[in-house]
Structure formats: structure tokens, C-alpha cells
Amino acid sequence: MKAGQAGNQFGFRPGNSTLDAMSKVRSAYKNANGRGQAYNLFVGILTLDVKNAFNSNFGIKSLYYHHALARKNTPPYLLNIIGRYLSERKIIVHAPDGSARHVNVSCGVPQGSVLGPDLWNALYDELLEIQLPPDVEIIAFADDVALLATASVPFLLEERLEQALGDVVEWLTANGLELAIEKSEAVLLTNRNKHIRMTIRFQGHLFESKPAVKYLGVSIDPRLHFREHAELAAKRASDTCRHLTQILRTRKVLATVVTSQMLYGAPFWFPSITAEALHQMEVVYRRVMLRVACCYRTVSYEAAAVVWSMHPLALLAEERLEMYGDILKSVARDHSIRKWQTAWDTVENGRWTHRLITEVTPWLRRQHGEVSFHLSQVLTGHGCFGEYLHRFGKSDSDSCALCGASPDDVEHAVFQCDAFHRWRAETCVYLDVNQLTADNVIGIMLRSNSDWQRVTSLIGRIMSAREEEERTRQHAPGGAQGITR
């Protein structure tokens, strides 16, 4: 028995994903608006929602699976085995009072079973193979169905989609399923006048093309610019970050969850997303980086990305696109890092961080070392330093409160200030180096975990002492309020 062989079923099939279903939409749009055509075509999408497709009480009755398998010339002995497999099923329902009762199950397939996906595809193959109007096809991912049509004028799209919708509803009804009309949506894809619309009429319902529709988790707009998708993805990631911060102590997990959420569907939306939409996502991505890297909110996107080893969002999206194009993950990652290094060498922001971490590859691939709040201040230059506080109006002077030198920037504070000479000298003895400088400190930290801990311990002592001095200054008569993170 071979189930799910209809070419446009992308669910429950090895080697297929939602991206493959999405790529059908992009291909249709690209072909309809290709160069060299006398005029561009219109592409219409109608997304359909099937009620209770997998529901144990209201889903497809087992009898329909049996009929579908019989029409595929399944051997009688297999039909008998599957029939018994789907019969006499019960579930135990526990009531609040502690009692339990058995409920017979006569619909759907056992969810989580190995055979369930094949049974579903065996049935749904027939839907995908029904005869449709010209230039109309069905795309399915499990029970999610979309009708995709192409035409030279909108009214032809309407006619073809209306007829196709009728054919789909007829098949659903014949197989004990029902369409959730109120959840169906339409969108018209075109690079022509954005005010062009289409309206699909069916059984008294009107489906007017919308500015964007959600398909398999991605919001699709008429020109595939993905502004709406960027807005929704940014909001979702922001909410996730806020909620997970309250329960997760591991910052890496938080970064991984949010990054995966923002990159969902990247091979589909990245090739044509607008710079404005991508920037909207990067704004939220930067907030996440600042949170997990313990950086001040004034730190640039570029510096925060390097400090916490979070690849820039655009590079990650491009990397996903390359991997979807059958490029090995390791090769795509090497491409991404090389592009990151080129951008890091030329960007105007984060020059102090670049001086410390000139090469991103050794920093990214180190096997030890966490970035603490104090270390992030030193790596970015944004923190409890006289020059920084003076720049933001939090201090009347940029001189060092401990030794009087000016300017009191991060290099002076950590590597030059006389107040901490003894601490630095002791650390250099343990590290077996003559001197700690901005140019050698990262290389020393990357040598081993013990060296990393020695340096970060020194940085922690220095920054704690400076913070104590700053708190004293703030509470003195006429003292300014320190900058907040």
C-alpha cells in the first residue's frame, strides 16, 4: 500500500515540509510574473479549513478509510487487518470527581500511531486527484488545503476558484467531512495595481481578497513583501521572550527558542521580504540579543550579535535558504560566517568590540566561557565608565573617579587605571603573561577555561569596585542618577 503519493500532498511524507508547500505558491507567483511575458498574470489563493479532520468523535469515520484503501486495490488480508485495527477502539475519560468511563471511538485515526499518517494520505489522495478547472491546483499539508489558480484577469480567477471550491466541498461531503466556511480566506497575488481585488462567491458566502492571509504559519500578502508577516513574527517573538524570561534561567535556550520562532519559513519569505519588514524583525531580535547578552540597551545590533555569538538575522535567514537549496549545513554556516566577518570589518558600529574580537570564528567556536554582565560591559564599552556616563549626561565629567585620568573609557578602566594595578599584576602572574591589554585579552581568554575564568574574575572585581564608587557618587549631595540598562 502506497499512501500519500499525490504530488501536492506535503504532509506526512518523508522529505517534505511546509516549506515545500509554500514553494508552490512562490513558484506560481514567479511564473505568473516572469520576465519576457507580454503581460503578467494574476494568482489567486483560497485557503480552506476542514472541520474536525482528526477529531476522535467528529472526524472521518473508519468506514471511509476502508473504502479508500479498497479503491486502491489493497489486498483483502490487509483490509481485514486495518479494519480490526480501527474497530472497537475506546478512550478513558476521567471526570473531576475521580470517576472514569469508557467512550467508544469510531472516527479519526489513532493519533501518534505509525499507520495513521498513511491512512490519512490514502484517503486524501482522492481529493488531490479530483478533476479541477484549468490552471487550478490543490496544495495540501495534512488537512490544510489551499486552492491555487492562475488567470489573465481577476474575474477568471473568481470563476475557476468558485468551481474548484464546489468540487472540493462535494468531495468532502461525500467523505463525511465539512468545510469551515467562516475560516476560509482569499488573497490575490499580483505585482500590478494593488487596488485590484477578487471576490469568490459560494453558497451565499463572499470571500473577498484580503491584504494578507495566513498560510501554514506565514502571512502572505499580494506582492510577497511579507510586511504583515514581519510584524506578526516580531510581536510573537517579543511576547515569547518576555514570558520565557520569567521561567528560563538558561539564556541560550531563550535565544534558541526566539531565533527559531523568527526564522520559521525563512526560505519562503527571505528572497522577497522588504528591507523595512526585515528591519522590523531585527529590532525585536536586537532586544533579545541585549537581554541574553546582558548588554546595555545602547549597545548596537552588530556588537551585541558578536558578544553573544548570535548570527545576524538576515544571515541566518539566508543560511536557511541555502540549506533548503540542498547545500550542506556546514557549508552554509561557513558562508554565513564569512559574510558576517566581512560585514563586521566594515560596519561603523561596535568599533571597540571589533578591536577586542577582531575575528568572529574563534570567538564563535570556543568551547568554554559564558558572557557575564560585567564582561559584556567591557566587551561593548557601554557600562560603568566615566566617558560613557558623561556621554549620556549621567556624569558631569568623563574623568576617572579613582585616579583622575581622562577620558575614563573602558580601556583605561580595565587595562590602565592605577587603582587596579595590583589586581592586574596578580592575574598576569597566573596567566603567565607580561601584561594584559585590549589587544591580547581575548586571545588569552580563548586559550582555556581556566584562563577565561581568571580574566573574567579580574573584570568582575574591577567593575564591582567601579560600580560601588558610582553608587557612592550618586548618593552624594548633587550626585547624578546612573544610566539604566
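A salt bridge is taken here as a side-chain nitrogen of Lys or Arg within 4 Å of a carboxyl oxygen of Asp or Glu. In this predicted model, the structure holds 18 salt bridges. Arginine 160 counts as buried because its relative accessibility is 19%, and the cut-off for burial is under 20%. Aspartate 135 also draws attention through its backbone: it has a positive phi of about 60 degrees although it is not a glycine. Its loop runs between helix H4 (116-128) and strand S4 (136-141).

Most residues other than glycine have a negative phi, and most peptide bonds are trans. Against that background, a few further backbone sites are worth a look. Leucine 224 has a phi near 55 degrees, again a positive value in a residue other than glycine. This leucine is found in the loop between strand S10 (218-220) and helix H6 (227-245), and leucine 224 is buried, with a relative accessible area of 1%. A cis peptide bond, with omega near 0 degrees, joins serine 406 to proline 407; proline 407 lies in the loop between helix H16 (386-391) and helix H17 (410-416).

Helix H6 brings the account back to charged side chains. There, aspartate 239 forms a salt bridge with arginine 242, the closest N and O atoms being 3.0 Å apart. Both residues lie in H6, three residues apart, about one turn of the helix. An α-helix has 3.6 residues a turn, so residues three or four places apart point the same way. Arginine 242 is partly exposed, with a relative accessible area of 41%. The pair is part of a network of salt bridges that links Lys235, Asp239 and Arg242.

Helices H11 and H12 are also joined by charge. The side chains of lysine 339 and glutamate 318 meet in a salt bridge of 2.6 Å, N to O, linking distant parts of the chain: lysine 339 is in helix H12 and glutamate 318 in helix H11, 21 residues apart. Lysine 339 is partly exposed at 33% relative accessible area, and glutamate 318 is partly exposed at 25%. By contrast, the buried residues of H11 are Leu313, Leu315, Leu316, Ala317, Glu319 and Glu322. Their cover includes helix H7 (251-262), helix H8 (266-269), helix H9 (275-292), helix H10 (301-307) and H12. The twelve residues of H11 should span 16 Å at 1.5 Å a residue, which agrees with the 17 Å between its end C-alpha atoms.

Just after H11, aspartate 326 takes a positive phi of about 75 degrees. Isoleucine 327 lies in the loop between helix H11 (313-324) and helix H12 (329-346) and counts as partly exposed at 31% relative accessibility. Together, Ile327, Leu328 and Val331 make a nonpolar surface patch of about 240 Å².

Aromatic rings complete the picture, with a count of ten aromatic pairs. One of these is a tilted pair of tyrosine 388 and phenylalanine 392, 4.9 Å centre to centre with 55 degrees between the planes. Tyrosine 388 counts as buried at 0% relative accessibility, whereas phenylalanine 392 is partly exposed at 34%. Both residues belong to one aromatic cluster formed by Tyr296, Phe373, Tyr388 and Phe392.

Key:
Residues numbered from 1 in each chain as written. Predicted model: local features only at pLDDT ≥ 70, side-chain atom pairs only at ≥ 80, totals over all residues. Heavy atoms only, no water. Patch = residues over 30% accessible without salt bridge, like charges linked within 9 Å, V, L, I, M, F, W, Y side chains within 5 Å. Areas by Shrake-Rupley, 256 points an atom, 1.4 Å probe, with all protein chains shown as cover. Helix = DSSP H or I, 4+ residues; strand = E, 2+ residues; numbered from the N terminus. Buried < 20%, exposed > 50% of the residue type's maximum accessible area, 1.4 Å probe, protein only. Expected span 1.5 Å × (residues − 1). Contact = heavy atoms within 4.5 Å. Phe/Tyr/Trp six-rings, centres within 6.5 Å; stacked < 30°, edge-to-face > 60°.
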